[in-house]
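Let us walk through a protein structure together, step by step. Keep the picture open beside you while you read.

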Amino acid sequence: MAPPKERHRMKTLAVHAGEDPDPVTGAAVPNLVMSTSFVVDEPVAFSALDMGEDPPFFYTRWDNPTLRQLATKLAALEGAEAAEVYASGMAATSAILFGVLGAGDHVVMSDTMYAGTAELGRHTLSRFDIESSFVDTSNLDQLADATRSQTRLVWIETPANPILRLTDIAGAAEIAHQAGAELVVDSTFATPVATRPLELGADYVLHSLTKYIGGHGDALGGAVLGSKEALSHLNVEATIHFGGSLSPFNAWLIMRGMATLPLRMEAHQSNALEVARYLETSPSVKAVTYPGLESHPQHDLAHRQMENFGGMLTFQVPDGESMAERMRKELEVFHFAVSLGHHRSLIYWMSTSAMMATSFKLTGEQLASYRALAGDGVFRTSVGLEDPADLIEDLERVL
Ligand SMILES: *Cc1c(COP(=O)(O)O)cnc(C)c1O
């Protein structure tokens, strides 16, 4: 049977890419290959440094049929030449940071992003003599000013966790390349259904597969996508030597989840828009941030850069602490829990300490202005696939 063609559309690729029938058994659904090692016809070298072009399966930390199927599906959806999968989004993040950067290099990162990435940038990189600058990457002038001759990577997250701030990917790519650096886009919130950063000039795309791509809250995973050449460096060092290998079982679950990604994203978007419009009318809500609302300060960019506005929104109430308490006790449909992108709706209070973890160390005046931007009493909401009327009733009861 012929594999799916590049010209096939997103929904077709999501179902078929990477999933050829098993050549031995004819199984139509991918077999789960849990084996850690593979019987080889001839001795294969142990060094990751002298692997041939297309080596046979040998040891699962190198490669595995189930992991390769997932990587093929991801690459098809993202329009990428190559993909590498990892044990988590953070393993994928470390793969890029430590696979690309070395002592004396400089990285420009967004001043607001996923807490794990922010903390890695803030605390860990300096131990390896890698310098980092943190800027509001939605402001391209600030981004350009922060680059220097030692800059090797520019790291953006769009939409950014948790404040849903957007960065112009094409603009950021131009700035990075002018500085002789490469652009990394953490596209976890967007998914390839909304945005394909490689088409806009990015060099690496990163996903936490734990979120929308897996979509069911039952498997951690991460991925990096880009050109064959860029990923061949990561493959040897990050995949084989750092060892953050994805379990084939998780890969199998994530692949099953991906088949419905385009459909789920449509449902997430339409539910989130209904919930956001309800929240805008609620007298207890001070502000709602959702890229699909006309009131989002970057709604124009959202229209240009996103084909789907996703299921993530935030809203702000006057007293976060007591609202969080009430939600924990009274919500029936939403789970009061972290993470996002699952079929189930999740809501979480971004307390000041949670907000601080997502951003560069701020003090005094900066902290005050950051709070003014992000706000106190902010709830990050991952709108799931339930009936939106039930979600709205659930929120109405506590607000
Ligand atoms: C969750 C998340 C990560 C980290 O992914 P894990 O799979 O939890 O390691 C990275 N970036 C963003 C934007 C995320 O939401």
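Is Glu396 buried, partly exposed or exposed? Before we answer, a word on what you are looking at. This is a predicted model, where local features need pLDDT of at least 70, side-chain atom pairs count only at pLDDT 80 or more, and totals for chains, interfaces and linings use all residues. Residues are numbered from 1 along each chain as its sequence is written, and side-chain values use heavy atoms, with hydrogens and water left out.

Now for Glu396: with a relative accessible area of 46%, Glu396 is partly exposed, because that label covers values between buried (under 20%) and exposed (over 50%), computed with a 1.4 Å probe and protein chains only. You can find Glu396 in helix α15; helices here are DSSP runs of H or I with at least four residues, strands are runs of E with at least two, and both are numbered from the N terminus.

Together with Glu274, Asp387, Asp390 and Glu393, Glu396 forms a negative surface patch. A patch is built from residues with over 30% relative accessible area and no salt bridge, joining like charges within 9 Å and nonpolar side chains (Val, Leu, Ile, Met, Phe, Trp, Tyr) within 5 Å. Asp and Glu count as negative, Lys and Arg as positive, while His and the chain ends are not counted; the place of a charge is NZ of Lys, CZ of Arg, CG of Asp or CD of Glu. Helix α15 (residues 388-398) supplies the largest share of this negative patch, 3 residues.

A nonpolar patch lies on the surface too, formed by Leu32, Met34 and Phe249, with about 270 Å² of accessible area together. Such areas come from the Shrake-Rupley method with a 1.4 Å probe, and for residues only the protein chains shown count as cover. Leu32 sits in the loop between α1 and α2 and is partly exposed at 33%.

Let us go inside. A nonpolar core is a set of buried Ala, Val, Leu, Ile, Met, Phe, Trp, Tyr and Cys residues joined through side-chain atoms within 4.5 Å. The largest one has 33 residues, and those touching the most other members are Leu70, Leu74, Val85, Leu209, Ile213, Leu225 and Leu261. Among the elements giving two or more residues to this core are β1 (82-86) and α10 (261-281), but α2 gives the most, with 6 residues.

Next come the charged pairs. Side chains of opposite charge can pair when their charged atoms come close. A salt bridge puts a side-chain nitrogen of Lys or Arg within 4 Å of a carboxyl oxygen of Asp or Glu, and the count comes to 15. In one of them, Arg68 meets Asp63 at 2.6 Å, N to O. Another joins Arg165 and Asp136 at 3.4 Å; these two residues are 29 residues apart, and both are buried. Asp111 is linked with Asp136 and Arg165 in a network of salt bridges. Arg304 pairs with Asp168 at 3.8 Å. Arg304 lies in helix α11 and Asp168 in the loop between β4 and α6, so the pair ties together parts that are 136 residues apart in sequence.

That loop between β4 and α6 also holds Pro159 and Pro162. A cis peptide bond joins Thr158 and Pro159, with omega about -10°, and the bond from Asn161 to Pro162 is cis as well, with omega near 0°.
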